[in-house]
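Reader: I have a structure open and want to talk it through. Can you start with the terms, then go chain by chain?

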Amino acid sequence: MTELAIEGVRLSRRFGGFTALDAVDIGVKRGEIRGLIGPNGAGKSTLIDVLSGRAVNWDGSVRLNGEDVSRLTPQERRKRGMARSFQRTNIFPDLTVEQQLRIASWAVEEAEIDEVMSEFGLVALAGVPAGEISYGDQRRLDLALALVGRPSVLLLDEPAAGLTMEESLGLARTLRDLVTRWNVTVLLVEHDMQVVFSICDRISVLHLGRSLSEGTCAEVRANPTVIAAYLGTEA
Amino acid sequence: MNPTAQGTLAPSRPRTANKALVVLLIGAAALVAGFVLPWIGFAKITLSLLAQALFDALLATSVGFLFLQNGRVSFGQAAFFGLGGYAFGILVARNLAGPELALLLALAIPTLAAFLLGLVVARVTGVAHAMLTLAVGQAFYEVAFRWRELAMGDDGMSFTLPSKFFGFSASRLQDPGVMVVLAWSILVLVLVSLTLFTRSRTGQIAAAIRDNEERARFIGYSTTVPPALVYAIAAFVAAIAGVLQAVYNGYIAPQMFHWSLSGFALIMSIIGGAKFVIGPAVGAVVLFYIKDVAGQFAEYWPAIVGGILVVVTLTMPQGIIGLAVKQWRRRQRR
């Protein structure tokens, strides 16, 4: 059995004359937390969209735990253990917190929701419509929805966007702790470098739709090309 | 983030079961109450108007249910109302089927048509959806209006009920007292069934799709079938209303398909509260009462309805039931 939980081979996607992804290869080992960084327009969200099945009209192939899932719908990928969150909060505003987590659990063989609610501190909000809870709680609910049923692979698109520094680091700690215990493989797109460096095992850097570099946090931080293209001298 | 500080989860299953039991008990009480209606001493004309109000309530419930579960506004629900009435009337009038089979087909045809239509239409949102349903509804109207061989075109067609219907004297169904009890009973059963549906797994998944279709796909659901199923159920309810009206009047006409009927049903939903299963039916009864009171101003009726709609929209955007629920919750908090 392959040791890669999620693998994208020669992934390309074009929007008219613009190449958002240009033959990008990426492979994340089982249990690893991989950061995906790069400047705006680098192709990070597009890569997540291709891997998760949200994108259409792309080239290459996607493997999930060794199985080619390139032609599968997002729902079929979810049932095989791939989950994702979105750049903007993506919840069910009219449903209560508990109701939507329960609905999410039905899709993955009656998974337990009590634990995920506890882990993300949502128990006290169980009966409240999601549209009425704070933005920070909505972000945690968004993550909880993705983690119901303990997916094997979790694709996160800027989960800390819009959160305060304290909230971001709190979320990062919870995430790190949870995915380690549940052995979830994570591909994390995030602009907050504190979050990325605090929880990621390795980092991939995209620039103008191409892979620029890949390595441990220390390697990426020290890479002159990455510093020039994205991190700058402050990193 | 600390899980220990968050308390414990309340057990939800017994609570849900209790709520279902309450719904069933209220439904049973309402069902019994319906049998009292003809004995209150209403004049025949009042009972007849009440029967019409109950047909309207069923159609409004259909429109409201579509909004509640799919979040879609339809101006074409009268198509299924008309389809039900026409299918029954034509099959009976032309002796193509016995009344029992005609009833079955009159309910099945609109339901199936709506399901198939729903597979496509449910993907369209907002104004485009409203316009699409309007176009579909009016297409049916035009066919019924122009195709004289079908059911006498714009003149409409009378038909005689067979002597027996499910073993009972069919002519009794045209007695206002009998029809009121029957329509009331059906309305109660429909409201109870729809309420239970909204609490069911399929109903909750449909509500999730309504709320956020993309997220529903990414938590693992097909987002095509549940909304189409809601369309089918809503059409089934509209078809029941259409068949009841056709049976009661012994007459079908193209107006049964007209968009204005869907529009009035939508207004009833808004007045009663479209976010509640019972809201549209309440709206229909309230409008019926106001219409009765304001009978002497009948020619200004559309203007009166418009005025009521403006007042309700501005003062109680969740409708009458929404306001009642809000007040009740406020009292609970005190």
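Author: Helices (H or I, at least four residues) and strands (E, at least two) are DSSP runs, numbered from the N terminus. This is a predicted model, in which local features need pLDDT of at least 70, side-chain atom pairs count only at pLDDT 80 or more, and totals for chains, interfaces and linings use all residues. Residues are numbered from 1 along each chain as its sequence is written, and chains are lettered from A and ligands numbered from 1 in the order in which they are written.

Reader: How many helices and strands are in the secondary structure of chain A?

Author: Chain A has nine helices and ten strands. Its radius of gyration is 17 Å, close to the 18 Å that the globule rule gives for 235 residues, so chain A is as compact as a globular protein of that length. The radius is taken over C-alpha atoms, and the rule is 2.2 Å times the number of residues to the power 0.38.

Reader: What box do the C-alpha atoms of chain A fill?

Author: Roughly 50 × 40 × 35 Å, taken along the principal axes. Of the 235 residues of chain A, 46% count as buried. A residue is buried if 20 or more other C-beta atoms lie within 10 Å of its own, exposed if 12 or fewer, and partly exposed in between, with C-beta atoms placed from the backbone.

Reader: What is the strand order in the open sheet of chain A?

Author: The order is β2-β1-β4-β5 in chain A, four strands with antiparallel pairing. The edge strands are β2 (18–29) and β5 (67–68) of chain A, each pairing on one side only. Two strands pair if DSSP finds at least two bridges between them.

Reader: How many bridges between β1 and β2 of chain A?

Author: Eight, in the antiparallel sense, with β1(A) covering residues 4–15. Phe15(A) stands opposite Phe18(A) in β2(A).

Reader: Which strands does β3(A) join by bridges?

Author: One is β8(A), residues 185–189, which runs parallel to β3(A) over four bridges. Gly35(A) has Leu188(A) as its bridge partner there. Another is β9(A), residues 202–207, also parallel and joined to β3(A) by four bridges. In β9(A), Ser204(A) is the bridge partner of Leu36(A).

Reader: On to chain B. How many helices and strands?

Author: Chain B has 14 helices and four strands. A compact globule of 334 residues would have a radius of gyration near 20 Å, and the 21 Å of chain B agrees with that. The C-alpha atoms of chain B fill a box of roughly 70 × 45 × 45 Å along the principal axes. Of its 334 residues, 45% count as buried.

Reader: Take helix α5 of chain B. What span should it have?

Author: At 1.5 Å a residue, the 21 residues of α5(B), 126–146, should span 30 Å, and the end C-alpha atoms are 31 Å apart, which agrees. The expected span is 1.5 Å times one less than the number of residues.

Reader: Which residues of α5(B) are buried, and why on one face?

Author: His129(B), Thr133(B), Gly137(B), Phe140(B), Tyr141(B) and Ala144(B) are buried. Seen down the axis of α5(B), they fall within an arc of 105 degrees, so they line one face of the helix. The arc is that of the directions from the helix axis to the C-beta atoms. An α-helix has 3.6 residues a turn, so residues three or four places apart point the same way.

Reader: And what is exposed on the other side of α5(B)?

Author: Val127(B), Ala128(B), Ala135(B), Glu142(B) and Arg146(B). The buried residues of α5(B) pack against α3 (78–93), α4 (99–121), α6 (148–151) and α11 (259–272) of chain B.

Reader: Where is Thr61(B), and what does it touch?

Author: Thr61(B) is in helix α2 of chain B, residues 44–70. It counts as buried because it has 32 C-beta neighbours inside 10 Å. Not counting residues up to four places away in sequence, Thr61(B) touches Val190(B), Leu191(B), Val237(B), Pro280(B) and Ala281(B). Contact here means C-beta atoms, placed from the backbone, within 7 Å. Thr61(B) and Val237(B) are 176 residues apart in sequence and 7.6 Å apart in space, C-alpha to C-alpha.

Reader: Last topic. How many residues of chain B are in contact with chain A?

Author: 23 residues of chain B are in contact with 30 residues of chain A. On that side of chain B, the elements giving two or more residues are α8 (201–211) and α9 (213–218). The largest share, six residues, comes from α8(B).

How values were computed
Two residues are in contact if their C-beta atoms, placed from the backbone, lie within 7 Å.
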